[in-house]
Amino acid sequence: MLVMVNSDDQPNYNEYMGIHSIRRLIYWAAIFTVTVLALLPSENLQLPLFDWWDKAQHLAAFALLTLLGLAAYPKAPIRVLSCLLLYALAIECVQYLSGWRVGEWQDVVADVIGEVLAWAVFRMFTRWRHS
């Protein structure tokens, strides 16, 4: 846990909460951005049966969301991962029902792989930082 220290070597709660609030703001801004991008109508979109680039974008987006979520809520990793899984499922359901986007189960798989990879990186970083 990152705790800012003042000149008296006492934890500075206000500075720590400032950093914590900024991390949460960045995380929720990223969630909002991904939601908008995922639900925008895609004009003239060519959809091959299986598009590797699309899956790579899903993996990267959810890896980033996971890292931001774990940084914003470091004491709730299971909640972050669970909520992002539900978020991935919700996006695909809304895309499926929208009529202008396509919801695919393969996208959810790519999202989960991104989450797992990011979680592993986060765990390695926190273990390294505490050793």
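Of the 131 residues of the protein chain, 29% count as buried. The model is a predicted one. The accessible surface of the chain comes to about 9,100 Å². Carbon and sulfur atoms hold 70% of that surface.

Now look at the fold. The chain has four helices and zero strands. Read from the N terminus, the elements run α-α-α-α. Consider contacts between residues with a separation of 6 or more: 67% of them join residues 24 or more positions apart.

Helix H4 covers residues 105–130. How far apart are the end C-alpha atoms of H4? They are 38 Å apart. At 1.5 Å a residue, the 26 residues of H4 should span 38 Å, so the two values agree. Several residues of H4 are buried, among them Asp107, Glu115, Ala118 and Phe122.

Next, find threonine 66. This residue is found in helix H2, which spans residues 52–72. Is threonine 66 buried or exposed? Threonine 66 has a relative accessible area of 0%, so it is buried. Its contacts show what surrounds it. Leaving aside neighbours within four places in sequence, threonine 66 touches Val80, Leu81, Leu84, Glu115, Ala118 and Trp119. Two of these names return from the buried list of H4: Glu115 and Ala118.

Charged side chains come next. The structure holds three salt bridges. Asp54, Lys55, Glu104 and Asp107 are linked by them in a network. Start with aspartate 54 and lysine 55. Their closest N and O atoms are 3.0 Å apart. Both aspartate 54 and lysine 55 are buried. For lysine 55, the relative accessible area is 7%.

Lysine 55 also meets glutamate 104 in a salt bridge, at 3.3 Å from N to O. Glutamate 104 lies in the loop between H3 and H4, and lysine 55 lies in helix H2, so this pair ties together parts that are 49 residues apart in sequence. Glutamate 104 counts as buried because its relative accessibility is 16%, and the cut-off for buried is under 20%.

The remaining bridge joins lysine 55 to aspartate 107, with 2.6 Å from N to O. This pair links distant parts of the chain, with aspartate 107 in helix H4 and lysine 55 in helix H2, 52 residues apart. Aspartate 107 has 2% relative accessibility, so it too counts as buried.

The loop between H3 and H4 also holds glycine 99. Glycine 99 counts as exposed because its relative accessibility is 70%. Where does it sit relative to proline 41? The two C-alpha atoms are separated by 9.0 Å, although glycine 99 and proline 41 are 58 residues apart along the chain.

Which residues make the nonpolar surface patch? Leu85, Leu86, Leu89, Val112 and Val116 make it, and the patch is about 390 Å². Helix H3, residues 77–98, and helix H4 each supply at least two of its residues. H3 gives the most, with three. Leucine 89 is found in H3. Its relative accessible area is 38%, so leucine 89 is partly exposed.

Finally, check the cysteines. A disulfide is a covalent bond between the sulfur atoms of two cysteines. How many disulfides does the structure have? The count comes to zero. Cysteine 83 has 44% relative accessibility and so counts as partly exposed. Cysteine 93, at 46%, also counts as partly exposed.

Technical notes: Residues numbered from 1 in each chain as written. Predicted model: local features only at pLDDT ≥ 70, side-chain atom pairs only at ≥ 80, totals over all residues. Heavy atoms only, no water. Patch = residues over 30% accessible without salt bridge, like charges linked within 9 Å, V, L, I, M, F, W, Y side chains within 5 Å. Areas by Shrake-Rupley, 256 points an atom, 1.4 Å probe, with all protein chains shown as cover. Salt bridge = Lys/Arg side-chain N within 4 Å of Asp/Glu carboxyl O. Buried < 20%, exposed > 50% of the residue type's maximum accessible area, 1.4 Å probe, protein only. Expected span 1.5 Å × (residues − 1). Disulfide = S-S within 2.5 Å. Contact = heavy atoms within 4.5 Å.
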